[in-house]
Amino acid sequence: MIAIYPGSFDPITYGHLDIISRCASKFDKVIVAVLNNKNKNVVFSIEDRVAMIKELTDKYPNIEVDSFNGLLIDYAKVKNADIIIRGLRAVSDYEYEMQMSLYNKKLYPEIETMFLVSKSTYSYLSSSIVKEIASYGGDISSFVPPTVEKRIKSKIVNK
Ligand code: ADP
């Protein structure tokens, strides 16, 4: 089975990495698909986001990291994916995720969306909160790996 784990990953956090490692042991192949959406306000370029994920998932032979534009289901068809993986944190994720999954199912009935409940330690962790804490000089070492922490800091200093 081929699974796609899509998202902005701006940047990748320990919450995302937890989902990735759990999927890696369950599927034949997992494609971490970074959304290259020009309308989204992102801090890291698509190249940087992909490079960080590649570096951190190097140890999993069945993980592929890629980027995509446009509709996720069009990309999923090209990649022959069976399943879309999404992480669920608090209840607040639920409404948007349900809408997306119903819409994807309508456009592409063969695909299933599977939700993995976030590890409790990471249930309040998001890329935006990490960026916000970092912008005020807070400690983000328990939220992102050292390589990501370094890149966030250099972005903020260079801002
Ligand atoms: P998007 O812009 O698509 O929401 P994100 O990079 O914010 O992209 O998230 C990608 C996926 O990872 C989403 O399914 C999101 O719910 C999930 N995710 C984000 N942070 C966490 C976390 N701390 N624990 C579990 N899943 C998470």
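Thr147 touches Glu55 and Leu56, leaving aside residues up to four places away in sequence, where contact means heavy atoms within 4.5 Å. This is a predicted model, in which local features need pLDDT of at least 70 and side-chain atom pairs count only at pLDDT 80 or more, while totals for chains, interfaces and linings use all residues. Residues are numbered from 1 along each chain as its sequence is written, and side-chain values use heavy atoms, with hydrogens and water left out.

- Thr147 belongs to helix α6, residues 146-157; helices (H or I, at least four residues) and strands (E, at least two) are DSSP runs, numbered from the N terminus.
- Thr147 counts as buried because its relative accessibility is 19%, given that buried means under 20% relative accessible area, exposed over 50%, and partly exposed in between (1.4 Å probe, protein chains only).
- Between the side chains of Thr147 and Glu55 there is a polar contact of 3.1 Å, a term for a pair of N or O atoms within 3.5 Å; within protein, one atom must be able to donate a hydrogen and the other to accept it, and residues adjacent in sequence count only if both atoms are side-chain atoms.

- Met52 is part of helix α2, which covers residues 46-57, and it is buried because its relative accessible area is 1%.
- Although Met52 and Thr147 are 95 residues apart in sequence, their C-alpha atoms are 7.8 Å apart in space.
- Not counting residues up to four places away in sequence, Met52 touches Pro11, Ile12, Phe44, Val148 and Arg151.
- Val50 also has its place in helix α2, and with a relative accessible area of 12% this residue is buried.
- With the same exclusion of residues up to four places away in sequence, Val50 touches Val34, Val65, Asp66 and Ser67.

**Helix α1 and His16**

- Helix α1 is mostly covered, since eight of its eleven residues are buried, and among them are Gly15, His16, Leu17 and Asp18.
- His16, which is placed in helix α1, has a polar side-chain atom 3.1 Å from the backbone nitrogen of Thr13.
- His16 is buried, with a relative accessible area of 17%, and it touches Tyr5, Phe9, Pro11 and Ser127, not counting residues up to four places away in sequence.

- An oxygen atom of the ligand lies 2.6 Å from a polar side-chain atom of Tyr5, whereas a nitrogen atom of the ligand is 3.1 Å from an N or O atom in the side chain of Ser118.
- A backbone N or O atom of Leu125 lies 3.0 Å from a nitrogen atom of the ligand.
- Taken alone the ligand exposes 550 Å², and the protein buries 90% of that; accessible areas come from the Shrake-Rupley method with a 1.4 Å probe, and for residues only the protein chains shown count as cover.
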